[in-house]
Amino acid sequence: MAEQSVVPIEQMLPLKLPIVALSGRPIFPGIFTPIMIGNPIDVKIVDETASRDGHIGLVLLEHDADTPDIGDLYKVGTVAKIVKKINLPDGGLNIFISTIKRFVIKKAISSANPIIAAVSYIEDEEDDTSEVKALTRALISEMKQISENNPLFSEEMRLNMVNIDHPGKIADFITSILNIDKTEQQKVLEVFNVRKRMELVLVFIKKEQELLRIQKRIQREINDKIEKSQREYFLKEELKVIRTELGQAADAKSSEYKRIKDKIDSFKFEGEIKEAVEEELEKFSLMEPNSAEFIVTRNYLDWIIELPWLDPQPETFELAKASAILEADHYGLKDVKTRITEYLAVRKLRRDNKGSIVCLVGPPGVGKTSVGRSISHALGKQFFRFSVGGMRDEAEIKGHRRTYIGSMPGKIIQGLKICKVKDPVFMIDEIDKMGSSFQGDPSSALLEVLDPEQNISFRDHYLDLPFDISRIFFIVTANTLDTIPAPLIDRMEVIELPGYIDTEKLEIAKRYLLPKSLEKNGLKKNRVKYTKESLLHIANGYAREAGVRNFEKNMDKIHRKLAKQIVEAEESGDESKAVPAQFAIDKKTIEKHLGKPIFPEGVYKKADRPGMSLGLAWTSMGGDTLIIEATSMPGKEGFTLTGKMGDIMKESATIAMTFARKLGVERYGLESEWFEKNHIHLHIPEGATPKDGPSAGITMATALLSMMRNKTIAPNLAMTGELSLTGQVLPIGGLKEKTVAAQRNRAKHIIIPKQNMRDLDDIPDLVKKGIEFHPVECFEDVLSLALPG
């Protein structure tokens, strides 16, 4: 009789397996365990399989589903042999299985109801024996620590762990009993290399040990707190009894009282402050800690002791160093820098560290806030900034009275507490945008703050004590002085910051904006190269306003797009998407990233036909050019004004019309009947923008006479000036900003009132370059320049 060979069970495993989906956690090979089967489809699979070879596949669900298909399962599972099957009363099954080994699903034979798959079985990948032995010992040792501290681990589990001889099975067994997430268990199931599997399990054991340590620490802390609180309670009760016996009042806040009193004594207060503070301190000592008044009084005393009551150290700044800081931080602004250094020189000469009040006025984006920071840097002082734009409550400046819940000091006292010195630099932004309401007028509250004669004893409503804020260097910013009350302007030294012309913007971009934008967008300095022409193209085509804020925004936009190109090229690895080592930014590149220019090249405002003239206007955004259009049509006599003009401008237009009509009849031979038979219309384009002021008087009169004579005014000519009813040209304001606007619009000649000649000295030579100024006293002079002949 031939000898029969014994075939291992692994070689008898079927290549097609019915799959049972597991929702709880995966089951590892080498384990004997019961499973509850409740799904009718799974019950049918088990019944059919048990009647044949008894092999089923157990795979964890990756995506929860009521009726799962093969796409909802992980790809790696465990094959198991059904050892025993018990029918349950509810139609379900309780089966005992012996898991054998891992398998990988190759393809679906039946995707659902039931799931049947073709599988391939995985053998453990063995590694260096000595390293695996060391890992085995480490796993068993670390797991013993967990099992000793965790009552959930039975003695049987500990014995099973020691008796398993195969390293891979030890890792599987430990993973199956660890309290970790099912996805982490599935990760272990999907690791076929024994050494890597054991390393991963060791990581999970360490995490479990750390959780146990935290759990123990929390439990210990809770127990300690309970014991401590009980002990403190009994001691406090004993202390109360002892103090009562001795006739002393119980005072649980003595340390807090001592802290505040020691700090107050160090300030050596006198007079009213000393009396008020000692009174509050006395009340504090008599209050019960649980009362609401106790908290209010303690907060009040905390504010007092945290303020800088002591006099500051003498100033030690150097004028040359301060000038160098201003030069390094800002380009241009020569007049502004000169005014500031003169101010600092006077402070040093007088050896007076009394505060100053400077008001920086200019369009948005010209550097008002950064100038304030530079002054702070130059003086070596603390800097505190807050905005009053939209503020309607005077309590924001002078504080709330302590009778209100949640009351606190105003911004001035808050800033002093933050700076912790008595002589910081305070910047108050947007002072021209304050409002007023039933809660008070903040601009009136600022009168005391910014008055050198009153702020020696500034009284905040919350503190209700005199505090000397005269040492503060106040810097106030505004876009316009028109909305600031006159008494407030009277208390400040006003320094105007005009807008920038193209050449100034070019230098600012090269020195400050470009390095800042490159750093902000993660680009190295030598990665992007701009030409002079490309920077001027951005300034003229996309950022023609007075400041440089839009200039910076456009540069940021370009650099963000370049950064995107670089990252996409690095991630793709595609040589066709490779980016150059240095980006050369020219006009074509700019228009690719920013779109077509907002202000096309060569397109400027021109008065190039009869009935048109070019004026200059001042706005809170800086200077601007203004086209005036006039036309007539047959019809009933009349005069129409459009273009959203203010009342003052309408009056100015009426004067211009009256004067132009008089000249038309007396000088140019127009018949009076012409005005009776024609309707005249005067319009200022950009009709949605409000316009007001008298300085367009000569411009409107010129447009009307140009229309009446059917003659175009001289080219490249702009003008500004108020017109009187007798033909006098009166002075105007904002000449510096208007000149900047004319420079941006490529004007070559500007007609100005003769009385404004003194203002030309305040305009930098760079701004006046290429412009010829024509001072006039009467409208006759205007006509000789604009409409000669």
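D172 forms a salt bridge with R102, and their closest N and O atoms are 2.7 Å apart. A salt bridge here is a side-chain nitrogen of Lys or Arg within 4 Å of a carboxyl oxygen of Asp or Glu. D172 lies in helix α4 and R102 in strand β5 (residues 93–110), so the pair ties together parts that are 70 residues apart in sequence. Helices (H or I, at least four residues) and strands (E, at least two) are DSSP runs, numbered from the N terminus.

Before I go on, a word on the model. It is a predicted model, in which local features need pLDDT of at least 70 and side-chain atom pairs count only at pLDDT 80 or more, while totals for chains, interfaces and linings use all residues. Residues are numbered from 1 along each chain as its sequence is written, and side-chain values use heavy atoms, with hydrogens and water left out.

Back to the pair. Are D172 and R102 buried or exposed? Both D172 and R102 are buried. Buried means under 20% relative accessible area, exposed means over 50%, and partly exposed is in between, with a 1.4 Å probe and protein chains only. The pair also belongs to a network of salt bridges that links R102, D124, D172 and R197.

Helix α4 covers residues 167–177, and K169 is placed there too. K169 counts as partly exposed because its relative accessibility is 40%.

I will show two others.

One is between E568 and K564, with the closest N and O atoms 4.0 Å apart. Both residues lie in helix α19 (residues 549–572), four residues apart, which is about one turn of the helix. E568 is partly exposed, with a relative accessible area of 42%, and K564 is exposed, with a relative accessible area of 54%.

The other is between E686 and K605, where the closest N and O atoms are 3.3 Å apart. E686 lies in the loop between β19 (678–683) and α23 (697–709), and K605 in the loop between α20 (587–594) and β16 (612–619), so this pair ties together parts that are 81 residues apart in sequence. E686 counts as partly exposed at 48% relative accessibility, and K605 counts as partly exposed at 26%.

Next, helix packing. The axes of α23 and helix α26 (residues 779–786) come within 11 Å and cross at roughly 55°. That makes α23 oblique to α26. Axes are lines fitted to C-alpha atoms, for helices over the stretch in contact, and angles run from 0 to 180 degrees between N-to-C directions. Angles under 35 degrees count as roughly parallel, over 145 as roughly antiparallel, 65 to 115 as roughly perpendicular, and the rest as oblique. The crossing of α23 and α26 is right-handed. A crossing is left-handed if the near helix is turned anticlockwise from the far one by less than a right angle, and right-handed if clockwise.

At what angle do helix α10 (residues 319–329) and helix α11 (residues 334–350) pack? The angle is about 155°, and their axes are 10 Å apart. α10 and α11 are therefore roughly antiparallel to each other. Their crossing is right-handed.

Now the surface. I218, I222 and I226 form a nonpolar patch there, with about 240 Å² of accessible area together. Patches are made of residues with over 30% relative accessible area and no salt bridge; like charges are joined within 9 Å, and nonpolar side chains (Val, Leu, Ile, Met, Phe, Trp, Tyr) within 5 Å. Accessible areas come from the Shrake-Rupley method with a 1.4 Å probe, and for residues only the protein chains shown count as cover. I222 is found in helix α6 (residues 194–246), and at 40% relative accessibility I222 counts as partly exposed.

Last, the backbone. Most residues other than glycine have a negative phi, and most peptide bonds are trans. A cis peptide bond joins N113 and P114, with omega about -5°. N113 is not a glycine, yet it has a positive phi of about 50°. N113 is found in the loop between β5 and β6, and P114 is placed in that loop, with β6 at 115–121. E430 is not a glycine either, and its phi is positive at about 55°. E430 is in the loop between β9 (425–429) and α15 (442–449), and it counts as partly exposed at 28% relative accessibility.
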